[in-house]
Protein chains: 2
Amino acid sequence: MSLLELAKNRKTVRKFKSDDIPTMEDVLYAINVAKEAPSGMNAQPWLFYIIKDFELKQRIRIECEKAEKTFYDRSKGKLKNWLEKHGFSWKKDFLTQAPYLVLVFSDKLAPFSRESVWLSIGYFLLALEEKGLATVPYTPPNFTDVANLTDVSKDYRLEVIMPIGYSNDSKPKYKRKELKEIVLFDENS
Amino acid sequence: MSLLELAKNRKTVRKFKSDDIPTMEDVLYAINVAKEAPSGMNAQPWLFYIIKDFELKQRIRIECEKAEKTFYDRSKGKLKNWLEKHGFSWKKDFLTQAPYLVLVFSDKLAPFSRESVWLSIGYFLLALEEKGLATVPYTPPNFTDVANLTDVSKDYRLEVIMPIGYSNDSKPKYKRKELKEIVLFDENS
């Protein structure tokens, strides 16, 4: 399969099969791919924290939903409309439903740390898709509160929470823009 | 080829064949892959500006090297050592040597705009590798000066310059950390 087919097939998933548990080997495969990404000064400023423990997933969910409630109460205008139209709410079932949560952290002191880590997340997503695994790159409103539930050093910043499992989500992939909407050429090309 | 092999094979390249020019089709293929990436609120906040014109590449190079000179003059300690050890200098030949420069911009107003764009750059790098094309995600010290050389709207922020062409660089890929250095497990996994 070409990378274009792989990328086109991949969609963000927010509903997971709780009882069908991917192997840790497959999750580690995706991290093995992600860590091949380039990074500023080759600092490789990423840290992948893998959670299987239900109680820890639940504590994370409670912490996130508390902040999400506040966020939804305050949201308005275009954002509020978009959230409602797409059926989103403060409830984040996927945080306990998915067999794994992978929390990705960036080394605060490394150069171009956040850029490098997000680039590697691009690698990670495609590798999960290759293994038939689904995820949503979930960014909670309260990163620090969630990070505090782990024992990861304060030198690292939580960038994203990725619930990982097999998809149970029939929602179609959101449409992408046409190439001509996102490409510009210098006048001589 | 598996994605792991593709990712492992890919290395950052700073020397390009000037006379061996990849097709625009291959460059656009990689953008087609990149635009399949997920993004905050599906805003797809990326813009790819493709430059073939030599004079524009030269203006960009002059602007970057001016800022690089200042940067190198000021660098010290760990950074200075790293730069010297790896044979880097303020000279950025690749900016005129590569047949293409692709400048990637992010929509300043979109949610999680920078994260989304860097994630899509991960997709982009792997797609270039699939087509046998090489690049270096180059971050100049003076993004705004470079952006001002283009006609891209001020609503967009320049994130990276990617010279694209066939590799003429025999430098090996930098070593990656072991999996165990970048993976943590919750105590019950």
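Leu103(A) sits opposite Ile161(A), a residue of β4(A). The model is predicted: local features need pLDDT of at least 70, side-chain atom pairs count only at pLDDT 80 or more, and totals for chains, interfaces and linings use all residues. Residues are numbered from 1 along each chain as written, chains are lettered from A and ligands numbered from 1 in the order written, and side-chain values use heavy atoms, without hydrogens and water.

**Sheet**

Strand β2 (residues 100-107) and strand β4 (residues 156-165), both of chain A, pair in the antiparallel sense over eight bridges. Pairing requires at least two DSSP bridges between two strands. Helices (H or I, at least four residues) and strands (E, at least two) are DSSP runs numbered from the N terminus.

The open sheet has five strands in the order β3(A)-β4(A)-β2(A)-β1(A)-β5(B), with mixed pairing. At its edges stand β3 (134-135) of chain A and β5 (183-185) of chain B; each has a single partner strand, so one side of each lacks a neighbour in the sheet. Helix α2 (residues 24-34) of chain A packs on this sheet. α2(A) touches β1 (46-51), β2 and β4 of chain A, plus β5 of chain B. Contact means heavy atoms within 4.5 Å. The direction of α2(A) makes about 170° with that of β1(A). Axes are lines fitted to C-alpha atoms, for helices over the stretch in contact; angles run from 0 to 180 degrees between N-to-C directions.

**Helix pairs**

| Pair | Angle | Axes |
|---|---|---|
| α2(A) and α6(A) | about 145° | 8 Å apart |
| α2(B) and α6(B) | roughly 145° | within 8 Å |

In chain A, Val27(A), Tyr29(A) and Ala30(A) are among the α2(A) residues that meet α6(A), where the partners include Ser120(A), Tyr123(A) and Phe124(A).

**Chain contact**

A rotation of 180° with 0.0 Å of shift along its axis superposes chain A on chain B, with RMSD 0.0 Å. This is the relation of a two-fold axis. Superposition is by least squares on C-alpha atoms of residues with pLDDT of at least 70 in both copies.

The contact takes 63 residues from chain A and 64 residues from chain B. About 5900 Å² is buried between the chains, and carbon and sulfur atoms give 66% of that. Buried area is the accessible area (1.4 Å probe) that two parts lose on being put together, summed over both. Glu36(A), Met41(A) and Arg176(A) lose the most area in chain A, together 12% of what that side buries.
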